[in-house]
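Hi,

Here is the structure I promised to pass on. Have a look at it first, and then read my notes below.

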Amino acid sequence: MRPQLLNPAQLPAVFRKEFELCAVKRGETIILLTNLNTRRDYVLAATAAADDVGADIFEINLNRVADPSRVRREVGVAKGLMEALKAADLVLTFQPPNFAKWQREARDAGTRILSVIVAPDELARLQSPPGLKEAVLHAAERWGNAKEIRLLSDAGTDLTWTRGEFKVKSQYGFAESKGRVDQWGAGHITNYPDEGTANGTVVLQPGDFFILPYIRLIENPVRLEIRDGFIRKVEGGVDAKAFTYWLDRNKRSADDLDPYAVSHLGFGLHPHAHWDQILLHGNEPDRLDSSARVFAGNFLFSTGPNNDMGGKRDTKGHIDTPMCDCTVLLDNEPVLERGKFVDPKMIVPPAWG
């Protein structure tokens, strides 16, 4: 395990900058929604930063340990818990709120939600740089205006689907507007295909990732045959075996296809996230949970649930696989070619040094 490179004394300043990005005002209320393995230095840094900006802050600790391999993490039914979350201005949650009912209820009440799930180095390095928000929103608008999307790769991927049934989800690393949910370190867009419209082939190749539930580089090709929105055939070696093993063990019955549904699709735009982080840090979740999903030009292919944006599938059979060197066409117009953006408004200049 590599040591942390961020000076611990800098952590409160990093949290203060994040609160400023989140437009925290004097007199607002912040809740830290923690669990039994939340880093205490994060709690102390957030408390100090809140004092600096004049916000009120308190902690609600859930008596559980977060499971990074699971996508749905409800908070329980303790009396007063949801009332507190819905009354807060900003909730910092130290477990992802994706696909959870509680975050939808809190957002409907106007609460801003920011998930904080990566290591101190990552918080500092991936803190949203100038231009990222604008690039993400531009990408979301272009994606949202498209009717048909096609994904290609030299490895053999050729997948087509239509969209319009679900909104595009855009995340740029901070939650500054009422009812917004985001993730510190994010910088990507995702969207679900219209039900039953995804058709074609996806080939995961060496150098692509498993990032959920496993965290590892894919070492041998995995070929997925997709028809009418579901993966119908999986071919390959040990990576293909792992792919099917996880989805099969999360079926509700022998004929349950929901884990094999095509789920959220999209790409990353973050200039400070890098493909080689997995080589530097191995399978450490807090080093890769954001970085592997958002590095500029990666395409995120996933399976399983779609209830995060209004769909009905809530299966636990969810796999996230960031793919490299893909081409994306929106209504036959390329915006990404072999992992490089061709739309200049999607390119965020890195801060060198």
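Strand S13 (residues 222-227) and strand S14 (residues 230-236) run antiparallel and are joined by 6 bridges. Helices (H or I, at least four residues) and strands (E, at least two) are DSSP runs numbered from the N terminus, and two strands pair if DSSP finds at least two bridges between them. This hairpin has 2 residues between its strands, and aspartate 228 takes a positive phi near 55° there.

Before you go further: this is a predicted model, so local features need pLDDT of at least 70 and side-chain atom pairs count only at pLDDT 80 or more, while totals for chains, interfaces and linings use all residues. Residues are numbered from 1 along each chain as its sequence is written, and side-chain values use heavy atoms, with hydrogens and water left out.

Now the sheet. There is an open one of 5 strands in the order S7-S9-S15-S16-S17, with antiparallel pairing. Strand S7 (169-171) and strand S17 (319-323) are its edge strands, each pairing on one side only. On average, neighbouring strands here are turned by 20° against each other, direction ignored; axes are lines fitted to C-alpha atoms, for helices over the stretch in contact, and angles run from 0 to 180 degrees between N-to-C directions. Within the sheet, strand S15 (residues 262-268) pairs with S16 in the antiparallel sense over 4 bridges, and leucine 265 stands opposite phenylalanine 301 in S16.

What packs on this sheet? H6 does, touching S7, strand S9 (188-191), S15 and S16, with its direction at about 25° to that of S9. Contact means heavy atoms within 4.5 Å. Leu132, Ala135, Val136, His138, Ala139, Ala140 and Trp143 of H6 are buried, where buried means under 20% relative accessible area, exposed over 50% and partly exposed in between (1.4 Å probe, protein chains only).

On to the rings. The whole structure has 14 aromatic pairs. Tryptophan 143 and tryptophan 161 have ring centres 6.4 Å apart and planes at 40°, so this pair is tilted. Rings of Phe, Tyr and Trp (its six-membered ring) pair if their centres lie within 6.5 Å; planes under 30 degrees apart are stacked, over 60 edge-to-face, and the rest tilted. Because tryptophan 143 is in helix H6 and tryptophan 161 in strand S6 (residues 158-162), the pair ties together parts 18 residues apart in sequence. Tryptophan 161 also forms a tilted pair with phenylalanine 299, 6.4 Å centre to centre and with 55° between the planes. That pair links distant parts of the chain, S6 and strand S16 (residues 299-303), 138 residues apart. Tryptophan 161 and phenylalanine 299 are both buried. Elsewhere, Phe15, Phe19, Tyr42, Phe94 and Trp184 form one aromatic cluster.

Last, the cysteines. How many disulfides does a search of the whole structure find? It finds 0, a disulfide being a pair of cysteine sulfur atoms within 2.5 Å. For cysteine 324, the nearest cysteine sulfur is that of cysteine 326, 7.7 Å away. Cysteine 324 counts as buried at 13% relative accessibility, and cysteine 22 does at 0%.

Cheers
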